[in-house]
Amino acid sequence: MRMEKLTNQLQSALSEAQSIAIGNDHSAIEPEHLLLALLDQQGGSVRPILNRAGFDVSGLQHQLNEQLEKLAQVKTPTGEASMSQGLGRLFNLADRAAQKNHDQYLSSETLLKVALEDTGHLGKILSRFGDIKKANEVIANVRGDGSVEHADAEEQREALNKYTIDLTERAEMGKLDPVIGRD
């Protein structure tokens, strides 16, 4: 796996996952570290996707933290943490999925999709907190028909939803204040 083929958001999350591992005196970065980093990521896409799919995100975070507490700790920390075999496998599967989608970069959504479909430990954790099928539908909706061709593709995706307010939707919900000074 080449780091330059990860989107900026995924690179940032991987760095944060490494910090979480080092902060907990773990010798390896596990998939749980990365998923926790993706859930906490400011402006990231994983938390909104899981929220839209109806996942219990706070319960998932709690479970991930419990899993991290069970991991072995290094007695004399060196300040280094390498990628675990499980995380490497997850990245390889996500890379394969990205290639099938004709993506130039590996995105957080692709990695999440692979994690959701994983029959291993991480997939089982995710399935306890929400509907995998619905999450895959939300991912497909977020991705649309396009492929990931730029490192900053995740930041550009759904820009209207991130940076604007849908006044029509708010009016339909009765949450729009009346306009003063109009006839």
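**Exercise 1.** In this predicted model, find which helix gives the most to the lining of the largest cavity.

Solution. Step 1: list the lining, which consists of Pro 31, Leu 34, Leu 35, Leu 38, Leu 90, Leu 111, Leu 112, Ala 115 and Leu 122. Step 3: H2 gives the most, with four residues.

**Exercise 2.** Work out how many nonpolar, polar and charged residues line the largest cavity.

Solution. Step 1: go through the lining, which includes Pro 31, Leu 90, Ala 115 and Leu 122. Step 2: Ala, Leu and Pro count as nonpolar. Step 3: the count is nine nonpolar, no polar and no charged residues.

**Exercise 3.** State how many cavities of 30 Å³ or more a search of the whole structure finds, and give the volume of the largest cavity.

Solution. Step 1: the search finds one cavity of that size. Step 2: the volume of the largest cavity is about 40 Å³.

**Exercise 4.** Decide whether H2 is mostly covered or mostly uncovered.

Solution. Step 1: a residue is buried if its relative accessible area is under 20%. Step 3: nine of the ten residues of H2 are buried, so the helix is mostly covered.

**Exercise 5.** Find what sits over the ring of Tyr 105, and count the aromatic pairs in the structure.

Solution. Step 1: the charged end of Lys 5 lies over the Tyr 105 ring, 5.2 Å from the ring centre. Step 2: the number of aromatic pairs in the structure is zero.

Definitions and conventions:
Residues are numbered from 1 along each chain as its sequence is written. This is a predicted model: local features need pLDDT of at least 70, side-chain atom pairs count only at pLDDT 80 or more; totals for chains, interfaces and linings use all residues. Side-chain values use heavy atoms; hydrogens and water are left out. On a 1 Å grid over the protein atoms alone, a cavity is a set of points where a 1.4 Å probe fits but cannot get out, and a pocket is an open set with protein on both sides within 12 Å along at least five of seven lines; lining residues have an atom within 4 Å of a point. Grid points are joined across faces, edges and corners, and a volume is the space filled by probe spheres set on the points. Helices (H or I, at least four residues) and strands (E, at least two) are DSSP runs, numbered from the N terminus. Buried means under 20% relative accessible area, exposed over 50%, partly exposed in between (1.4 Å probe, protein chains only). Rings of Phe, Tyr and Trp (its six-membered ring) pair if their centres lie within 6.5 Å; planes under 30 degrees apart count as stacked, over 60 as edge-to-face and the rest as tilted. A charge sits over a ring if NZ of Lys or CZ of Arg is within 6 Å of the ring centre and within 35 degrees of the ring normal.
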